[in-house]
Amino acid sequence: MMYRNLFKCVALAVAVATMAGTASARQLAAVTLNAKAVSAGGIRTIALQRVEQAPRITAFGIVIDPGPLITLSAQIAAARGKLAAAQATMALARSQAARAADLYKAQHNISQAALQAAQSGLQVAQADQASMQAQLNELEARARTDWGAALAAAATTGAAPLSQLESGTQQLVEASVPLGESLPALPSDPDASTPDGKCVALRLVSRAPRAATGVAGPSLYYLMGAQDSAPIGTPLMVVLRGQGIVAGVLIPPSAVVWHDGQALAYRQTGAASFAPIAVPTSSRSEQGYFVPVGADTALRPGQRIVVTGAALVFSASESPPPAAKAKAAKPEDDDDD
């Protein structure tokens with residue numbers, strides 16, 4: 001009913017203009033409403049205030065399965081055992097070959113065939129050791145490539161946090177930042193929460209050596225205590241805090257609408273005119289979306305944005321111009337001449 005009353009009294013003068021921002025923002029039109037439409041729709045604006053905060057990036061977190069890391073650690077331990085056995089075999093073969101050589105030189109106390117057999121045994125033992133060493137090197141390299149230096153060291157030595165992951169007292173979390181974002185420093189104490197809003201504590205392990213599947217930004221590994229345990233695969237919202245202070249404006253959640261996957265806010269450009277502006281969502285909190293102020297930012301302190309009725313303005317922005325409506329409703333003239 002509210003939408004129907006609004007559009008009955010709306011006198012839209014839609015200006016199709018080039019909008020600053022993303023392609024999604026450019027696909028929408030600036031909107032001019034009359035005073036009656038603004039009142040009927042309950043549209044309210046506020047002036048943006050300058051705020052300062054530490055840089056914040058919202059990362060995509062997920063509880064990951066430590067099973068492959070634990071399995072790899074067991075394979076490394078087994079390879080180390082095989083290498084130790086090969087080293088012992090080679091040491092014995094070297095000793096036997098040296099003794100056979102001494103006996104052969106001492107008035108041929110053994111036959112040449114026996115000497116050659118001992119030397120051959122040494123060569124076989126050396127080849128076995130080299131093979132075992134290569135297998136161990138390959139597993140350790142895979143650990144570094146797949147899991148990074150810190151977790152690879154744990155997998156190689158069995159040290160923490162591998163034992164905690166094996167016992168289930170700690171869980172492994174991977175947090176990935178959006179494409180285009182960077183990590184100037186490693187955030188050690190992020191704010192994290194589960195989909196049901198439960199806050200969880202994370203402890204930094206290291207950078208991940210590769211981006212997570214489906215995410216192109218850099219990733220970090222964290223540990224989550226058993227008291228905050230969640231099933232493997234549980235998504236987490238992780239807010240990473242950087243160093244220093246950044247000035248910007250805070251866009252309230254009520255001001256944001258979504259169009260083709262892009263967050264938008266409506267900036268007031270006249271008494272009853274509004275323009276859609278793209279809102280970056282990489283730095284968000286319960287209070288809203290923080291937009292740093294720079295030379296190329298379209299939202300600045302002092303500007304007014306719609307905080308109540310943004311969905312109505314968005315609907316009007318999507319609506320075709322009145323001229324287009326009239327043209328669509330008017331039938332083409334019949335050619336009776």
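These notebook entries record what I looked up in a predicted model.

**Entry 1: Ground rules**

I noted that the model is predicted, that local features need pLDDT of at least 70 and side-chain atom pairs pLDDT 80 or more, while totals for chains, interfaces and linings use all residues. Residues are numbered from 1 along each chain as its sequence is written, and side-chain values use heavy atoms, with hydrogens and water left out.

**Entry 2: Helix α4**

Does the end-to-end distance of α4 agree or disagree with its 39 residues? At 1.5 Å a residue the helix should span 57 Å, and its end C-alpha atoms are 57 Å apart, which agrees. The expected span is 1.5 Å times one less than the number of residues.

I then looked up burial (buried is under 20% relative accessible area, exposed over 50%, partly exposed in between, with a 1.4 Å probe and protein chains only). Among the buried residues of α4 are Leu69, Leu72, Ile76, Leu83, Met90 and Ala101. The buried residues of α4 pack against α5 (112-157) and α6 (162-167). Ala88, also in α4, is partly exposed, with a relative accessible area of 49%. Ala88 and Ala125 are 37 residues apart in sequence, and their C-alpha atoms are 9.1 Å apart in space. Just after α4, Gln107 has a positive phi of about 55°.

I traced an open sheet of seven strands in the order β7-β6-β10-β4-β5-β9-β8, with antiparallel pairing. Two strands pair if DSSP finds at least two bridges between them. β7 and β8 (202-207) stand at the edges with a single partner strand each, so one side of each has no neighbour in the sheet. Within this sheet, β4 (56-64) and β5 (170-176) run antiparallel and are joined by five bridges. Ile64 has Leu172 in β5 as its bridge partner.

I found an open sheet of four strands as well, ordered β3-β11-β16-β15 with antiparallel pairing. Its edges are β3 (50-53) and β15, each with a single partner strand, so one side of each is left without a neighbour. Four bridges join β3 to β11 (246-251), and Glu52 stands opposite Ala247 in β11.

**Entry 3: Two serines**

I checked Ser206 in strand β8, which is buried at a relative accessible area of 10%. Leaving aside neighbours within four places in sequence, Ser206 is in contact with Ala150, Leu220 and Tyr221 (contact means heavy atoms within 4.5 Å). Ser273 lies in strand β14 (273-278) and is buried at 17%. With residues up to four places away not counted, Ser273 touches Val31, Thr32, Arg267 and Gln268.

**Entry 4: The largest pocket**

Which residues lie nearest the centre of the largest pocket? They are Asp191, Ser193, Met237, Val239 and Glu286, out of 15 lining residues. The elements giving two or more residues to this lining are β6 (191-193), β7 (199-200), β10 (235-241) and β15 (284-285). β6 gives the most, with three residues. The space in the largest pocket is about 310 Å³.

Technical notes:
1 Å grid on protein atoms, 1.4 Å probe; cavity = no way out; pocket = protein on both sides within 12 Å on 5 of 7 lines; lining within 4 Å. Points joined across faces, edges and corners; volume = space filled by probe spheres on them.
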